[in-house]
Amino acid sequence: GQGDGEGSSSAATVDPESAVEELEREYQTLLLEQCLRRAADKLNMCGKEIELLAMSQPAKEAAVREYQERQREMKDKDRPRQPPIVIQPQQLVDRERILSTMFQPFNPPAMSLETYMAAHPEEFSSAPPPAPVSEEEAEQAKEREEADEAGVYKQRAWDDWKDTHPRGWGNRKGNTG
């Protein structure tokens, strides 16, 4: 195109409209070439991807089969196969005996509650009235109760502070030395 003797020697006499058309034509051909290169690259990548998928599919299927076999083996190892228990019609008579022995407590009580209460009446009598308390003892008990209450409030305040200030939380940037 441009290396010909005509186009390059008479550049001054070329019509400006034809020069613009030539530039547009050149731009369009370059754009088409770029699109073709991209399409060829994508087609090449798709071919490689298909090859990789074809290679990985048998490996994936083999891994799934191996996993399923291991699961079956583990299931078989964990609990041996035992035939189900079937009660035959001639055993229906024994059914009541089997059920009566099945739901019994392991350690039956030695005596009933009524018998124990009759044997130990002192444990079930009403509690004796509390002994009278002197004023001094009552005052000491009240002080202990108030001290315990103050300790509880102090402990609650400390717990609240610890909740809002977790360990390791603080001025880390200045203390990293």
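Reader: How many salt bridges does the structure hold, and what makes a contact a salt bridge?

Author: The structure, a predicted model, holds three salt bridges. The term requires a side-chain nitrogen of Lys or Arg within 4 Å of a carboxyl oxygen of Asp or Glu. Residues are numbered from 1 along each chain as its sequence is written, and side-chain values use heavy atoms, with hydrogens and water left out. In this predicted model, local features need pLDDT of at least 70 and side-chain atom pairs count only at pLDDT 80 or more, while totals for chains, interfaces and linings use all residues.

Reader: Why is the contact of Glu22 and Arg25 called a salt bridge?

Author: The N to O distance between these side chains is 2.8 Å, which lies within the limit, so the contact of Glu22 and Arg25 is a salt bridge. Glu22 and Arg25 are three residues apart in helix H2 (residues 16–78), and therefore about one helical turn separates them.

Reader: What makes the contact of Arg70 and Glu66 a salt bridge?

Author: The N to O value for Arg70 and Glu66 is 3.7 Å, again within the limit, so the contact qualifies. Both residues lie in helix H2, four residues apart, about one turn of the helix.

Reader: Is Arg37 buried or exposed, and how do you know?

Author: Arg37 has a relative accessible area of 53%. The rule calls a residue buried under 20%, exposed over 50% and partly exposed in between (1.4 Å probe, protein chains only), so Arg37 is exposed. Glu22 at 38% and Arg25 at 46% are partly exposed, as are Arg70 at 44% and Glu66 at 45%.

Reader: What percentage of the residues in the protein chain is buried?

Author: Buried residues make up 0% of the 177 residues in the protein chain. The protein chain exposes about 17700 Å², and carbon and sulfur atoms supply 57% of this area.

Reader: What makes a run of residues a helix, and how many helices are in the protein chain?

Author: Helices (H or I, at least four residues) and strands (E, at least two) are DSSP runs, numbered from the N terminus. By this rule the protein chain has five helices and zero strands. From the N terminus on, its elements run α-α-α-α-α.

Reader: Why are Trp158 and Trp161 called stacked?

Author: A pair of aromatic rings is described by the distance of the centres and the angle of the planes. Rings of Phe, Tyr and Trp (its six-membered ring) pair if their centres lie within 6.5 Å; planes under 30 degrees apart count as stacked, over 60 as edge-to-face and the rest as tilted. The count comes to one aromatic pair. The ring centres of Trp158 and Trp161 are 5.3 Å apart and the planes stand at 10 degrees, so this pair is stacked. Trp158 and Trp161 lie three residues apart, about one turn, in helix H5 (residues 135–164). Trp158 at 46% and Trp161 at 43% are partly exposed.

Reader: How many disulfides does the structure hold?

Author: A disulfide is a pair of cysteine sulfur atoms within 2.5 Å, and the structure holds zero. Cys35 is partly exposed at 44%, and Cys46 is partly exposed at 44%.

Reader: Where is confidence lowest and where is it highest in the protein chain?

Author: Confidence is given by pLDDT (the predictor's value for each residue, from 0 to 100). It is lowest in helix H1 (residues 5–9), at a mean of 50, and highest in H2, at 90. The protein chain averages a pLDDT of 81, and 84% of the residues score at least 70. Where pLDDT is low, the predicted coordinates should not be read in detail.

Key
Accessible areas come from the Shrake-Rupley method with a 1.4 Å probe; for residues, only the protein chains shown count as cover.
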